[in-house]
Amino acid sequence: MKIVIVGGTGLIGARLVNNLRHQGHEVVAASPSRGINSVTGEGLAAALAGAQVVVDVTNSPSWEDKAVLEFFETSTRNLLAAEAVARVGHHVALSVVGSERLLTSGFFRAKVAQEKLIHASPLPHTIVRATQFFEFVGSIANSATDGQTVRLPSALMQPISADDVAAALADVAVAKPLKSMVELAGPEAIPLDELVRQFLKANSDPRTVVTDDQAPYFGIPLNHRSLVPDGNPRLGPTDFEAWLRRSTQKP
């Protein structure tokens, strides 16, 4: 197949490109740095010519409410329009588990808006919602740090490795469109405060995690299950402890 990965040079996109190329597919890693821009439309028509599948793993450069909404709505409309012209048979988009429960955040309002545009489109599609990535646990800690204290709630999180997300997306990309949504998560649910506590310890970070169930998550108030999937998600095989051991190994 010819498969276009929009956002193909990012954390998930680069892994997905490599995964699909190893399977023998013709893969285009589309990004503004490669002259393919889903917001301006630059290079889209040429990139999509002859493509059977488009996978959208783009992310907004800004989380400011207006900017992030404009990014996801404009990018998604441009992609869907270009795919219709190119007769693309499957649109795959990466989204976030629990977005509809986190609408105090402009970012998650924008992700829900993106999903609605895809569902309303006549194009065959699959939306893949993933939980937070292991690779962003450090950013969670930094966002909640005041001095040497990290204040976080004990809300459950079921994070997943970026490699496992890319592997699942590769499977979805080459399968038939579901015309619905699938959820991805890691193999275990862990309280957010404990997750960061383990991360800091593994990295010999002296900061102390204080449990505060009123503390926000990137400015968003949480309940105990805001960040975990409902039902029966597809589970990535890599657990957090194994990922921590690998990520903290000295070369």
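**Figure 1. Burial and surface of the chain.** Of the chain's 251 residues, 51% count as buried. The model is a predicted one.

**Figure 2. The overall fold.** The chain holds 8 helices and 12 strands. Its radius of gyration is 18 Å, close to the 18 Å that the globule rule gives for 251 residues, so the chain is as compact as a globular protein of that length. Along the principal axes, the C-alpha atoms fill a box of roughly 55 × 40 × 35 Å. Consider the contacts in the chain with a separation of 6 or more: residues 24 or more positions apart account for 81% of them.

**Figure 3. Charged side chains.** The chain carries 23 positive and 25 negative side chains. How far apart do the centres of the two sets lie? They lie 4 Å apart.

**Figure 4. The open sheet E6-E7-E11.** This open sheet is formed by 3 strands, in the order E6-E7-E11. The pairing is mixed. Which strands stand at the edges? They are E6 (145–146) and E11 (208–211). Each edge strand has a single partner strand, so one side of each is left without a neighbour in the sheet. Strands of a sheet pair through backbone hydrogen bonds, in either a parallel or an antiparallel way.

**Figure 5. Where E6 meets E7.** Strand E7 covers residues 149–152. E6 and E7 pair in the antiparallel sense, over 2 bridges. Look for Thr-145 here: it stands opposite Val-150 in E7.

Figure 6. Ser-204 lies in the loop between helix H7 (192–202) and E11. Most residues other than glycine have a negative phi. Ser-204 is not a glycine, yet its phi is positive, at about 50 degrees. Is this residue buried or exposed? Ser-204 is exposed, with a relative accessible area of 66%.

Figure 7. Phe-218 sits in the loop between E11 and strand E12 (234–235). Its phi is near 50 degrees. That is a positive value in a residue other than glycine. How does Phe-218 count in terms of accessibility? Phe-218 has 35% relative accessibility, so it counts as partly exposed. The class of partly exposed residues runs between the 20% limit for buried and the 50% limit for exposed.

Key:
Residues numbered from 1 in each chain as written. Predicted model: local features only at pLDDT ≥ 70, side-chain atom pairs only at ≥ 80, totals over all residues. Heavy atoms only, no water. Helix = DSSP H or I, 4+ residues; strand = E, 2+ residues; numbered from the N terminus. Rg over C-alpha atoms; globule rule 2.2 N^0.38 Å. Buried < 20%, exposed > 50% of the residue type's maximum accessible area, 1.4 Å probe, protein only. Contact = heavy atoms within 4.5 Å. Lys, Arg positive; Asp, Glu negative; His and termini not counted. Charge placed at Lys NZ, Arg CZ, Asp CG, Glu CD. Pairing = 2+ DSSP bridges.
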